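Here is a friendly briefing to read alongside your sequence and model. Please keep both in view as you go.

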Amino acid sequence: MLQALKYDIASHEKELLTILTKLSLSIKEIDLVCGNPASDCKGGCIRRLLVKHLRLNGYDAAICSSSWPTNGKVAGGEYEYIDVIAESGFSNDRLIVDVDFQSQFAIARPTHSYATAMKFLPVIFAGSPVKLEKVLKSMAEAAKLSLSQNSMPLPPWRTLDYMKAKWLSSYERSFIDTSDRIRKGPGNSQWRERVRKKQCVEQLRHLKLCIAAEADKNIVSKPSSADRNRMMYLANNRRLQTGSPYFEKLKALASEKPE
Ligand SMILES: [Zn+2]
């Protein structure tokens with residue numbers, strides 16, 4: 001099931017994944033500005049930068065903050081991911097994007113089959129809610145099996161209901177770039193900034209390493225000719241200025257020769 005998902009990628013998903021990969025690799029550690037000092041940023045600064053750059057590239061991208069109340073066995077909580085409203089043919093599609101996807105499924109002492117399932121998960125998830133639900137179902141079943149084989153209890157946050165609440169419950173969409181305000185905010189000394197940033201810097205490094213590893217395995221394929229035409233179209237039509245870094249990036253990507 002998870003293996004099938006890897007090859008079942010619609011062209012607009014592929015296009016988004018390609019640009020997300022390039023943007024993620026281009027983020028510099030110095031650009032990370034962590035949010036609310038009272039709590040952990042948990043990579044929120046990376047997500048804000050990606051949303052900002054996706055919007056500059058003409059995508060209707062936003063930060064989605066989900067929160068859900070305790071309901072029966074499902075404990076309440078909150079989570080943050082990105083979404084992109086894509087135009088595909090005649091219908092408007094919403095794509096859920098998570099750049100910290102794999103680590104959400106890490107469990108203690110995974111069995112060989114769970115570890116194999118983990119390997120089929122993409123580094124960056126970009127897909128429809130329907131597709132995400134299929135992944136969650138597979139991973140919830142795999143986690144249950146792995147933990148029971150090890151005679152370990154199933155933590156409530158590993159159940160399908162909890163995972164569905166995380167990504168598929170009601171959410172608030174926002175795309176205000178607050179980084180300048182935060183940087184100039186009072187009491188935000190450089191030292192405090194560095195200490196708080198540590199976790200996000202590690203997350204960014206991890207993301208880049210995973211992207212590189214995935215590219216090595218050739219899972220991220222070079223753009224096909226149809227994709228290259230689409231990227232040229234994007235570069236020319238999304239009011240990108242010739243000579244701007246984004247235009248040059250898209251142009252370079254579009255002229256890349258397929259293997
Ligand atoms: Zn941060």
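Predicted model: local features only at pLDDT ≥ 70, side-chain atom pairs only at ≥ 80, totals over all residues.

Residues are numbered from 1 along each chain as its sequence is written. The protein chain has 10 helices and five strands, where helices (H or I, at least four residues) and strands (E, at least two) are DSSP runs, numbered from the N terminus.

**Overall fold**

- Of the 259 residues in the protein chain, 29% count as buried; a residue is buried if 20 or more other C-beta atoms lie within 10 Å of its own, exposed if 12 or fewer, and partly exposed in between, with C-beta atoms placed from the backbone.
- Among contacts with a separation of 6 or more, 67% join residues 24 or more positions apart; two residues are in contact if their C-beta atoms, placed from the backbone, lie within 7 Å.

**H5 and its helix partners**

- Helix H4 (residues 112-120) packs on helix H5 (residues 129-149) at an angle of about 155°, with the axes 9 Å apart.
- That angle makes H4 roughly antiparallel to H5; angles under 35 degrees count as roughly parallel, over 145 as roughly antiparallel, 65 to 115 as roughly perpendicular and the rest as oblique.
- Axes are lines fitted to C-alpha atoms, for helices over the stretch in contact, and angles run from 0 to 180 degrees between N-to-C directions.
- On the H4 side, Ser113, Tyr114 and Ala117 meet Ser138, Met139, Ala142, Ala143 and Ser146 of H5.
- The contact of H4 with H5 holds five nonpolar, three polar and no charged residues; Ala, Val, Leu, Ile, Met, Phe, Trp, Tyr, Cys and Pro count as nonpolar, Asp, Glu, Lys and Arg as charged, and the others, Gly among them, as polar.
- H5 also packs with helix H6 (residues 160-168), at an angle of about 150° and with the axes 10 Å apart.
- H5 is therefore roughly antiparallel to H6.
- From H5, the contact uses Pro129, Leu132, Glu133, Leu136, Lys137 and Ala140, and from H6 it uses Leu160, Met163, Lys164, Trp167 and Leu168.
- By class, the contact of H5 with H6 has eight nonpolar, no polar and three charged residues.

**The nonpolar core**

- Val84, Val97 and Ile124 touch the most other members of the largest nonpolar core, which has 50 residues; such a core is a set of buried Ala, Val, Leu, Ile, Met, Phe, Trp, Tyr and Cys residues joined through C-beta atoms within 7 Å.
- H5 gives this core its largest share, seven residues.
- Not counting residues up to four places away in sequence, Ile124 touches Leu17, Leu20, Thr21, Val97, Val99 and Phe101.
- Val135, in helix H5, counts as buried because it has 22 C-beta neighbours inside 10 Å.

**Residues to look up**

- Ser65 lies in strand E1 (residues 60-68) and is partly exposed, with 14 other C-beta atoms within 10 Å.
- Ser65 and Glu172 are 107 residues apart in sequence, yet 5.1 Å apart from C-alpha to C-alpha.
- Most residues other than glycine have a negative phi.
- Lys42, in the loop between helix H2 (11-26) and helix H3 (44-56), has a positive phi near 50°.
- Arg109, in the loop between strand E3 (91-98) and H4, has a positive phi of about 40°.
- Arg109 is exposed, with 10 other C-beta atoms within 10 Å.
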